[in-house]
Structure formats: C-alpha cells, structure tokens
Amino acid sequence: MKMSRIISIAWGNMKQRRLRTSLTTLGVVIGITAIIGLASLGEGFRLEIRNRMQQGFELDILIVIPGSFTTGLGEFEPQEVSRVRNVSGAASVAPLMTLPRTRLLNEEGEPLNALTVAGVNFQELAQMLPERLAPLEGSIPSAGENNTIVLGYKACFLNESTRLVNVGDNVTVQFGAAPYNVTKELKVAAILEKSGTSGITNFDYWAFIPANTTFSLMKREVYNIILVKVSDVEESEEVGRNVEAVFDNPYSVSVLVPLAFMRQVDRILNIVQIFLMSIASISLLVAGIGIMNIMTVSVMERTREIGILKAIGAKSRTVLTMFLAEAMLIGLIGGLIGMLTGYGISYGFAYGLSNLIQSQQSSEVAYRTQNPERLSINPVFSPEWTVIAFVFAIVVCVVFGLYPARKAAKLDPVNALRYE
Amino acid sequence: MAKILEVREVQKSYQIGKIAVPALRGVSFDVKEGEFLAIFGPSGSGKSTLLHLMGGLDRPDTGEIIVDGDNLQKLSDDVLAELRLRKIGFVFQFFNLLPRLTALRNVELPLTIAGVPERQGLEKAASLLKLMGLEARMDHRPSELSGGEQQRVAMARALVNSPKIVLADEPTGNLDTKTGWEIVQLMQRLNKEKGQTFIIITHDPHIAETADRMIFLKDGLVEAVKEAPRRNA
Ligand SMILES: Nc1ncnc2c1ncn2[C@@H]1O[C@H](COP(=O)(O)OP(=O)(O)OP(=O)(O)O)[C@@H](O)[C@H]1O
Ligand SMILES: [Mg+2]
C-alpha cells in the first residue's frame, strides 16, 4: 500500500473525529509553544545579558590588583609594573594609583563629587580606553602637563542643575588625614563624557591626576591597579596567567579576566536555559501520553474496522503504519502550529517586557545626556531549535503512538471481526 | 477440473479458559475450480470456522489447507494477507463495510491496499458497482443503503481484485428472502460468467439446493456431501 494513500486514509480518520483530534493536537501545540517560546526568549535574554556585560566592561582589558582577597590588598612596585609591561600577549599596559583619603575642592572651597582620585599617565590611559576618556569639554593633557586634572562627568555636579567646576578652573587636592596637611592646586584640563550604565570601569565619579602628582603627595612611587589590554580577547585567560607568573608569590596579585567571568555567566545562563527547556519538554511528554490514551481508545473502537482491513488483505505492517501516520500527523500539525504560536508568544511577550522596562527607566533616562541603553529582549529565531522542537514533536507522537498502533497491528482478524 | 482448494484433516478448537472447545474435528474435502459450493449445517457446527481457515484468516491446529497450490500452513502472516488480497474475496453476514467510506471507496479499498493508483482503482470499483446495479448509490455511505444494497457493495468489494475464490458467510442471513435470492442469483451469474469459485455458507436449504455441491457439516465433521443433480461437474 502506498504511503501517500495510508496518510490520506489516516487524515480521513482524523477528520472524522475532529474534536478528539483537535484536543490531542492541542497538547502537542502547547508543548511545542512552550519549548519554542522558552528557547527563543531565553536565547534573546542571554544575548541581551551578554551585550550588557560587554558594555559594562571592556572584554579585552584585564584588571590586575595587588594582593588577594585572602591576604589583603597591597601595592605594586615600579619594577613589577615594568615586568607586566613585558608580558607576552599584552598590547598595552596602564598602571593606576588610586589615592586614599583625598578630597577635591573647587575655587569656592566646595567639595567635588569625586569618589575616586587616581594618578595616571593620561595619554597611556586615553589610548587604552579612548571611549571612556573621551573629553566632553577641554582636552586630555599631554605628557608634560603635570599640574592638571581630568574630571568624570558626575564629579562636576552637585545635583542635576548645580555645576561645581568648569574647564580652566583650579581644583585643590587635599590629601591625608584631617586636617589635610598635604594640599596641591591643579587646573581642570578636561571633563569627560558620561559613561552611561555602570560597569566596573565607569569613570563618571572619578578624577584623574598625573601619576607624578600622586607620587609627590604620597612621597613614594607605587601603583595599586594595572590595566592590561590584550591583543587577542580569546587569549585573555592565558595572558592573565602570564601576568600572574610575573610575580614570585602568586598570592601577591589577583587578575580579573572579564572574559572568564562572561563565560561563567554564559554557562550559568545555558544551564538555566536547559532547565527551562526540560520543563517545557515535560508538557510535550504529557501530550504524548494523551496521544497514547486517545489512540488506545481509538484502536478499541475501530477493532472491527481493523479486522475488515485485515480480512481484505491488509498486512499488519499496513495497519501499524496507518495508526502511526495518525500519530505522526498530529505531531506534524501540532509542531507546526506550536512553532507559530511559540514564536508569536515570545515576540509578544518580549515586546510587552521591553515596554514595561522602558517606562520604568524613563525617569532615569531624562537625567542622562546621551543615548541610554535600553533593555530590549529580542527573541531569537533559532533554526536549530525549530528543527529540534519539530522533530521532537513528531518523535514523541510516534513513540507514544507506537503502543496503540502495535496493538492494532497485532489484532487477530477473526476475533476482530467478531468484536462488537 | 483442477482443484482450487483442498482441505485435509483439518482440526481446530478454541480455548475458552482452560477448556478446549472443538469447532472442527477432522474435516477433508476438495473444491474444484469454478465450483459453486454450499456449506450447510446447524448453528455451531463449525461453518464459519472452516470458512475463516479456508480464507487464511486463521490457522488450523492440525491438518492442511491448500489454496491454488499454496499450503497455507507454510505461509507467513504477511504472505497470507497477500493471498487474501489477491486470490480471495470475503462476503460476510453483517456486510462489514467501513461506515465512514462511501460505497465507491469501500469497493476501492482492496485496490488501495494492493497499491493500485487511485484513478484506476476508482474506475474499477465503479464498474463493479455498476455490475451490481448500484451505479446510483456509489457516493452513499453504508448507513444510507438498504441491507441488500450493502451486501451488493460487499460483493463488489469481494470481487474487485478478481479473486479466484469468493468465500461468503451467510450472505443472505441478514436479508429478506427475496433480496437474499437476488444476491444468490447474482453470485451464480458471476460464477457462470467469470468462472470464479464460490463457497457460501447458508442456513437456507433452498439456497443450498441451488449449489453445484453441498457439504453438510455437523459437530465439526462432514456428515454428508450432496451433488446437485442439475449439473455434473
Ligand atoms: N473465537 C471463538 N472463541 C471461542 N469459541 C469459538 C470461537 N469461534 C467459534 N467458536 C466456537 O466454535 C464452534 C463453531 O463455531 P462457528 O462460528 O464456526 O459455528 P457456525 O457453524 O458458523 O455457527 P453459526 O451458524 O451460528 O454461525 C462453536 O461452538 C463456537 O461457540
Ligand atoms: Mg457462522
């Protein structure tokens, strides 16, 4: 018997029992909707998180800090910095010294809104982080200009409307325990653009002064952060190990590798995704059991019909195929509809979610000067998941249809004909 | 004339719980090609059981059944199905049409199973329904047909594959006398015109009388064989 005829007969049987077929198919639709919806939303969510994380920290920059969480933080000697500069895989290196116990005052004696004051080599840092050190006003000082200061955007404002300093103003640095025995006058050379969302290198509340100035304030030449830009992001873990190897005592240094962190987060998101998908798959299994149940009833109802088919000369295999074709069609149709509804629902859901988040953010948005990054989850159409879900639907239906179909195929024709 | 069917020492019993109920207790006879054979006997004598065995729907416990040279014992289930499809047509007392299908589709069904292309199959089915005088009823479902019409559809279905043997189990059992006679006459006409072998089970002695030969079955044994006087094979 030709497959096409078997399928058309199966289709006729299904049409005959329209309500029953629809309800059975609905189970599959729900299962596939859940799988596709979760897959595409989850993937979109994951991409969004990855994007955000990439914006939060530059993936190609390793942050090297002295000491460790167990031994406490220390300082880097200049010769240690120069050893880091020679590490293979490091494209550029910028050491920083953040000053403890430091206040910045404007010309009126009002304190600036700077949380961190760091001694840097301006040009070195600007080259490494051109976007972070983009001046909104003024310009980044060149190497020779020692008595200058560069301020982060928010460091210059008391609140939204009250500005504390302008480019060209003098700023007083007070250093050390009160009554601030060490002071220094610096000229504001540049005010930086706003960095936006906080990452670990958000400079909005930072102030940068020349490294030499920090040394003279502290009366020694030390650093407490080294930024290492790697030439190849994918090798950043290896470069991190190279940096660690430069130090004699592995506890005297900690290297933060953003890529490793990202990978870890990615892994976690992956596990969450798989977990959600397995829950969704359960609904498909439930649908499969529904199919098994309905088909078993159907085989019983059609016992006589099966007997007739066999008496006429249908082989067991033909009867088996006929019932499996029904299961397969349910999987096929349920899978197709489920795919459409799955993507439909995930797009609808994502749209609603983005709107919700945007309206929550709007107050914050007004405060920002330039393009705020909005959270937008775009469901991802994944051809692989589509195919997997579709095949899964059919496989589940056929597997659960196998038992009733075999039951039908094995019916003894004489008994089946006697069946009332 | 050649033997189309041989029944050799066939025994068959049904297991009901732990008790074996004998239905056939050693039945032997031959059927010649083109013969019109009636199997006659009281209820429970094993007629239907015998017919099912001859049609390869079931297997005997012991003994042999040879259909057109094939020993059914030696055939697999699939080959038996194939044999039913190609060489045997069944007609049942309760018509056994598929209620969902139209008369035409019911008749086409064996051709579908045989893999005959749809158009060709429908043509063949239609021509048989015409032969049965049902050209006006082709698109009716069984529930929309009278008993006699349903039985004629069943006959068309049994004949559509041009089987060598037609096995009918009380084909007139559910019909009034007049309609029953019409069916029997139709069978006899086909038997004469096409030379197909007919084996029919009947309770009706008048119908049994019209056959070439009558086998009288009782308690699972052949009690008597009666040759019709009107025809000497
Ligand atoms: N599937 C079965 N299971 C158990 N016993 C059966 C089965 N089929 C037939 N029998 C028994 O076998 C015997 C012969 O049955 P069979 O149906 O062949 O009789 P029959 O001659 O066709 O009777 P009827 O004229 O009433 O149709 C009966 O005693 C019957 O009860
Ligand atoms: Mg009977």
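The model is predicted: local features need pLDDT of at least 70, side-chain atom pairs count only at pLDDT 80 or more, and totals for chains, interfaces and linings use all residues. Residues are numbered from 1 along each chain as written, chains are lettered from A and ligands numbered from 1 in written order, and side-chain values use heavy atoms, without hydrogens and water.

**Overall form**

Chain A holds 11 helices and 12 strands. Helices (H or I, at least four residues) and strands (E, at least two) are DSSP runs, numbered from the N terminus. The radius of gyration of chain A is 34 Å, whereas a compact globule of 420 residues would have one near 22 Å. The radius is taken over C-alpha atoms, and the globule rule is 2.2 Å times the number of residues to the power 0.38. The C-alpha trace of chain A spans about 110 × 50 × 35 Å along its principal axes.

Chain B has 7 helices and 10 strands. Its radius of gyration is 17 Å, close to the 17 Å that the rule gives for 233 residues, so chain B is as compact as a globular protein of that length. Its C-alpha atoms fill a box of roughly 45 × 40 × 40 Å along the principal axes.

**A sheet in chain B**

Four strands of chain B form an open sheet in the order β2-β1-β4-β5, with antiparallel pairing. Its edge strands are β2 (19-32) and β5 (70-71), each pairing on one side only. Two strands pair if DSSP finds at least two bridges between them.

| Strand pair (chain B) | Sense | Bridges |
|---|---|---|
| β1 (residues 3-16) and β4 (residues 62-67) | antiparallel | 5 bridges |
| β4 and β5 | antiparallel | 2 bridges |

B:Val7 has B:Ile65 of β4(B) as its bridge partner. For B:Glu6 the partner in β4(B) is B:Ile66. B:Val67 stands opposite B:Asp70 in β5(B). β4(B) and β5(B) make a hairpin with 2 residues between them. In that turn, B:Asp68 has a positive phi of about 50°.

**Charges**

Over all chains, the structure has 30 salt bridges. Each is a side-chain nitrogen of Lys or Arg within 4 Å of a carboxyl oxygen of Asp or Glu. One salt bridge joins the side chains of A:Arg20 and A:Glu301, at 3.0 Å from N to O. A:Arg20 lies in helix α2 (residues 18-56) of chain A and A:Glu301 in helix α7 (residues 258-301) of chain A, so the pair ties together parts 281 residues apart in sequence.

A:Glu107 lies in the loop between β4 (102-105) and β5 (116-120) of chain A. A:Glu107, A:Glu108, A:Glu110 and A:Glu185 gather in a surface patch of negative charge. Patches are made of residues with over 30% relative accessible area and no salt bridge, like charges being joined within 9 Å. Accessible areas come from the Shrake-Rupley method with a 1.4 Å probe. Asp and Glu count as negative, and the place of a Glu charge is taken as CD.

Definitions and conventions:
Patches are made of residues with over 30% relative accessible area and no salt bridge: like charges are joined within 9 Å, nonpolar side chains (Val, Leu, Ile, Met, Phe, Trp, Tyr) within 5 Å.
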